[in-house]
Amino acid sequence: MTAGTEEEPGRVAYQGAPGAFSHEACLDLRPWDEAVGHETFQGAIDAVLSGDCHCALIPVENSTVGVVEPAATLVREAGLTPISDAWRPIRLALLGVPDARLSDVKTAESHPVALQQCTKALGEMKIVAVEVFDTGGAAAAVAEAGDVTRAAVAPARAAEVYGLSVLRNDLQDFSDNRTRFVLFTAPRA
């Protein structure tokens, strides 16, 4: 039996902080594994190549923005072996500190690909997009700052993780917004 099967838990790498879409995907698709977050896609890939994690769950394509870069290029260059994939609905939420109102928000921070999925909605609300490394990391930073003018674009579940309020659900510009997550292992020798 190898680590990472349903019978024996393993470690699955993902890019992001707890509460990120990739973290959610790990919890939902690989609940028997320990989800191990990395700040970058390269960090998650390196964890697989070094043997620290037996696999990585990486977003490679989104129905709204297309190929998720740099993730798709990095996994191709690393020669990782895809073993399964799943398209998951992506519902973006605007999260703020508990006493914030939607009218208070001036900036929304998130991963660049997440921000590309809600440009119309943010523009209509006159909220300036601010790129950061991750959706979950954005939620953590907003919570830590405690500033009512800052919000995060992240999964609604991240509000629970970081003690934030959901100011608006379904922020994505297209209701059928989905991301394809691929489970990769190290290259076979």
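Guide: Start with a cut-off: a residue is buried under 20% relative accessible area, exposed over 50%, and partly exposed in between, using a 1.4 Å probe and protein chains only. This is a predicted model, where local features need pLDDT of at least 70, side-chain atom pairs need 80 or more, and totals for chains, interfaces and linings use all residues. Residues are numbered from 1 along each chain as its sequence is written, and side-chain values use heavy atoms, without hydrogens or water.

Our part is strand β11, residues 178–185. Helices (H or I, at least four residues) and strands (E, at least two) are DSSP runs, numbered from the N terminus. Of the 8 residues of β11, 6 are buried, so the strand is largely enclosed by the rest of the structure.

Two strands pair if DSSP finds at least two bridges between them. β11 pairs with β3 in the antiparallel sense, over 6 bridges. In that pairing, N62 stands opposite T179 of β11. β11 also pairs with β5, again antiparallel, over 8 bridges. There, D85 has V182 of β11 as its bridge partner.

Now follow β5, residues 81–89, to R88. R88 counts as buried because its relative accessibility is 14%. Contact means heavy atoms within 4.5 Å. Setting aside residues up to four places away in sequence, R88 touches E24, A25, D28, L29, N177, R178, T179 and F181. R178 has another neighbour to note. R178 lies over the face of W87, 4.7 Å from the ring centre. For that label, NZ of Lys or CZ of Arg must be within 6 Å of the ring centre and within 35 degrees of the ring normal.

Next comes a helix that packs on β11. Helix α2 spans residues 41–50, and its buried residues are F41, G43, A44, I45, A47 and V48. Those buried residues pack against β1 (11–15), β2 (34–38), β3 (55–62), α3 and β11. An α-helix has 3.6 residues a turn, so residues three or four places apart point the same way. After α2 comes G51, with a positive phi near 90°.

Two of those neighbours deserve a stop. One is helix α3, residues 71–78, which holds A78. A78 counts as partly exposed because its relative accessibility is 21%. A78 contacts I45, L49 and P187, leaving aside neighbours within four places in sequence. A78 and I45 are 33 residues apart in sequence, yet their C-alpha atoms are 7.6 Å apart in space.

The other is strand β1, where A13 is found. A13 is buried, at a relative accessible area of 0%. A13 touches V36, H38, A44, A47, C53, C55, A56 and L57, not counting residues up to four places away in sequence.

That list includes two cysteines, C53 and C55. Are they bonded or apart? The sulfur of C53 is 7.6 Å from the closest cysteine sulfur, in C55, which is too far for a bond. A disulfide needs two cysteine sulfur atoms within 2.5 Å. The whole structure has 0 disulfides. C26 is in none either, and its nearest cysteine sulfur, that of C55, is 7.7 Å away. C53 is buried, with a relative accessible area of 2%, and C26 is buried at 1% relative accessibility.

Finally, step back to the nonpolar cores. A nonpolar core is a set of buried Ala, Val, Leu, Ile, Met, Phe, Trp, Tyr and Cys residues joined through side-chain atoms within 4.5 Å. In soluble globular proteins, nonpolar side chains tend to be buried together. The largest core here has 36 residues, and L92, L95, V153 and L171 touch the most other members. Strand β9, residues 150–154, gives the most to this core, with 4 residues. A second, separate core has 19 residues, including A44, I45, L80 and V113. Two of these take us back to α2: A44 and I45 are among its buried residues.
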